Amino acid sequence: MAAAQGVRGCLLRGPLRARLGRGCSSGAPVRQQQQQALVAAPAPAQELPSTRRKGFLTEHAAPFSAFLTDNFGRQHNYLRISLTEKCNLRCQYCMPEEGVQLTPKSELLTTQEIITLARLFVKEGVDKIRLTGGEPLIRPDVVDIVAQLYKLEGLQTIAVTTNGINLARLLPRLKEAGLDAINISLDTLVPAKFEFIVRRKGFHKVMEGINKAVELGYNPVKVNCVVMRGLNEDELLDFVALTKNQPLDVRFIEYMPFDGNKWNFKKMVSYKEMLDTVRQRWPDLEKLPCEASSTAKAYKVPDFQGQISFITSMSEHFCGSCNRLRITADGNLKVCLFGNSEVSLRDHLRSGASEDKLVQIIGEAVGRKKKQHAGMFNISQMKNRPMILIGG
Ligand SMILES: Nc1nc2c(ncn2[C@@H]2O[C@H](COP(=O)(O)OP(=O)(O)OP(=O)(O)O)[C@@H](O)[C@H]2O)c(=O)[nH]1
Ligand SMILES: C[S@@+](CC[C@H](N)C(=O)[O-])C[C@H]1O[C@@H](n2cnc3c(N)ncnc32)[C@H](O)[C@@H]1O
Ligand code: SF4
Ligand code: SF4
């Protein structure tokens, strides 16, 4: 597993301030802001807890569940669980400014229900769970959830996708509990623009979170950047420069349509356009091999420590190798990010369905999964949840 490999062996060299002084490609104001934000000199990397996984990587070889295999032969070994519908930011590309209709608390999955479902999926062959949201790190028991997941035999990777605001504070405990991999969302290196895009303050906290993840030895630390025309496409080269001396994987994401995010084609910057921009500055950019199921196409500037990637859901979808299922915070199984067929696992759990019955229901839902999403323009017209209620 990439993430399981990635958690070992991070080497840090020199203070971040010094790193950022080199290799930034655009004007001084952005660079100064980066330098102000990344002032801490990280301590030496520490080894992450990985003994449990070392064992399973070699010993766990159960046949893959027929229930989690769809009609196109795709094996779903990666489960994304949304821990909350709430968030401490209000990103323009994810949710409407006025917020979203929240589900009453009694209808959200309890911690026990989350663990029960996770255990069931792991038993059937899921070996990677990503916690998402909303903002997963505002759930008060997130550390406990990671600790309980860590005990699940067969689960090799526990990952989180976070906006980074609470990360520096929580990461030591999350790491102790068994968190293997971290993806942090950051769409701009300009503090004022950050406030505009996410409609809240917090830029420096996110940078602190990225520094803390590097300091604690996560490698790579993935940085998710949704690229939108007129907002941040002028910062691509600055983001690439961040990978020069740090173990970061900066992932440029094509802007995707969801309910309430005012997507339009003109605001989307395609993979090809982004790649051309980066290649003009670094013509010797190398393409890297990727896992077949990866959402991202990876590249590297020779001699840079980190790498960059592109998540091309719109212009070059990767549905053929999809291995992902989702559980929403209100307990629905969603078999495709861009499909609106859902089944309530919560209701079945609460009405006392047996494990066999639940597995059957999950299998039927997986059987309904389409070969691929319906295409950029069709999905921009379809009824779906706002992204904040899905979790990415
Ligand atoms: N179309 C599509 N996009 C996805 C899928 N999974 C994740 N993404 C998008 O990829 C971007 C990054 O998501 P992350 O939460 O970091 O998850 P990931 O890309 O699976 O991360 P890794 O496990 O580290 O590769 C977000 O914009 C997600 O919405 C998927 O199954 N289909
Ligand atoms: C919905 S967020 C939830 C996790 C966490 N709050 C965060 O922001 O990282 C998961 C991922 O989806 C991405 N995302 C949200 N809306 C998107 C959109 N319209 N297009 C592409 N990616 C999007 C975010 O940038 C983030 O990396
Ligand atoms: S992308 Fe993440 S941080 Fe931003 S509003 Fe959505 S859930 Fe919150
Ligand atoms: S759009 Fe649906 S089928 Fe395609 S990769 Fe994403 S979740 Fe999988």
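Trainee: Which residues form one aromatic cluster?

Mentor: Phe-239, Phe-252, Tyr-271, Tyr-299 and Phe-310 do. Keep in mind that this is a predicted model.

Trainee: How many aromatic pairs does a search of the whole structure find?

Mentor: Start with the general idea. A pair of aromatic rings is described by the distance of the centres and the angle of the planes. Now the case here. The whole structure holds eight aromatic pairs. In one of them, Phe-258 and Phe-338, the ring centres lie 5.2 Å apart and the planes meet at 20°, so this pair is stacked.

Trainee: Where in the chain are Phe-258 and Phe-338?

Mentor: In distant parts of the chain, 80 residues apart. Phe-258 sits in the loop between E6 and helix H11 (271–281). Phe-338 sits in the loop between strand E11 (332–334) and strand E12 (342–344).

Trainee: Is Phe-258 buried or exposed? And Phe-338, buried or exposed?

Mentor: Check the relative accessible area. Under 20% counts as buried. Phe-258 has 7%, so it is buried. Phe-338 has 8%, so it is buried too.

Trainee: What kind of aromatic pair do Tyr-271 and Phe-310 form?

Mentor: A tilted one, with 5.4 Å from centre to centre and 50° between the planes. Tyr-271 belongs to helix H11 and Phe-310 to strand E9 (residues 307–311), so their pair ties together parts 39 residues apart in sequence. Both Tyr-271 and Phe-310 are buried.

Trainee: Which residues touch the most other members of the largest nonpolar core?

Mentor: General idea again. In soluble globular proteins, nonpolar side chains tend to be buried together. Here the largest nonpolar core has 113 residues. Phe-121, Ile-129, Leu-149, Leu-186, Phe-252 and Leu-333 touch the most other members. Helix H5 (residues 111–124) gives the most to this core: seven residues. Phe-252 also belongs to the aromatic cluster.

Trainee: Now the ligands. How many residues surround ligand 1, and which are the closest?

Mentor: To read a ligand site, list the neighbours. Then look at the contacts and the cover. Ligand 1 is surrounded by 21 residues, and Tyr-78, Arg-80, Lys-128, Lys-222 and Arg-324 are the closest. By class, this shell has eight nonpolar, six polar and seven charged residues.

Trainee: Which strands each supply at least two residues of the shell around ligand 1?

Mentor: Five strands are on that list: E1 (78–82), E2 (128–132), E5 (221–227), E6 (248–254) and E10 (324–327).

Trainee: What lies 2.6 Å from an oxygen atom of ligand 1?

Mentor: A polar side-chain atom of Tyr-78. Arg-80 has a side-chain N or O atom 2.7 Å from an oxygen atom of the ligand. For Arg-326, the distance from a side-chain N or O atom to a ligand oxygen is 3.0 Å. As for cover, ligand 1 exposes 620 Å² when taken alone, and the protein buries 92% of that.

Trainee: How many residues are around ligand 2, and which come nearest?

Mentor: There are 20, and Tyr-93, Gly-134, Ser-185, Asn-224 and Met-256 come nearest. The shell has eight nonpolar, ten polar and two charged residues. Strand E3 (157–162), E5 and E6 each supply at least two of its residues.

Trainee: What is 2.8 Å from a polar backbone atom of Tyr-93?

Mentor: A nitrogen atom of ligand 2. Met-256 places a backbone N or O atom 2.8 Å from a nitrogen atom of the ligand. Ser-185 uses its side chain: an N or O atom there is 2.6 Å from a ligand oxygen. On its own, ligand 2 has 540 Å² of accessible area, and the protein covers 95% of it.

Trainee: Which residues are around ligand 3?

Mentor: Among them are Cys-87, Cys-91 and Cys-94, along with Tyr-93 and Gly-134. This shell divides into seven nonpolar, two polar and no charged residues. Tyr-93 and Gly-134 also come among the nearest to ligand 2.

Trainee: One last residue. Where is Asn-166 found?

Mentor: In the loop between E3 and helix H7 (167–177). Its relative accessibility is 14%, so Asn-166 counts as buried. A polar atom of the Asn-166 side chain lies 3.3 Å from the backbone oxygen of Leu-137.

Conventions
Residues numbered from 1 in each chain as written. Chains lettered and ligands numbered in written order. Predicted model: local features only at pLDDT ≥ 70, side-chain atom pairs only at ≥ 80, totals over all residues. Heavy atoms only, no water. Near = heavy atom within 4 Å. Polar contact = N/O pair within 3.5 Å; in protein donor to acceptor, adjacent residues only side chain to side chain. Areas by Shrake-Rupley, 256 points an atom, 1.4 Å probe, with all protein chains shown as cover. Helix = DSSP H or I, 4+ residues; strand = E, 2+ residues; numbered from the N terminus. Nonpolar A, V, L, I, M, F, W, Y, C, P; charged D, E, K, R; others polar. Core = buried A, V, L, I, M, F, W, Y, C linked by side-chain atoms within 4.5 Å. Buried < 20%, exposed > 50% of the residue type's maximum accessible area, 1.4 Å probe, protein only. Phe/Tyr/Trp six-rings, centres within 6.5 Å; stacked < 30°, edge-to-face > 60°.
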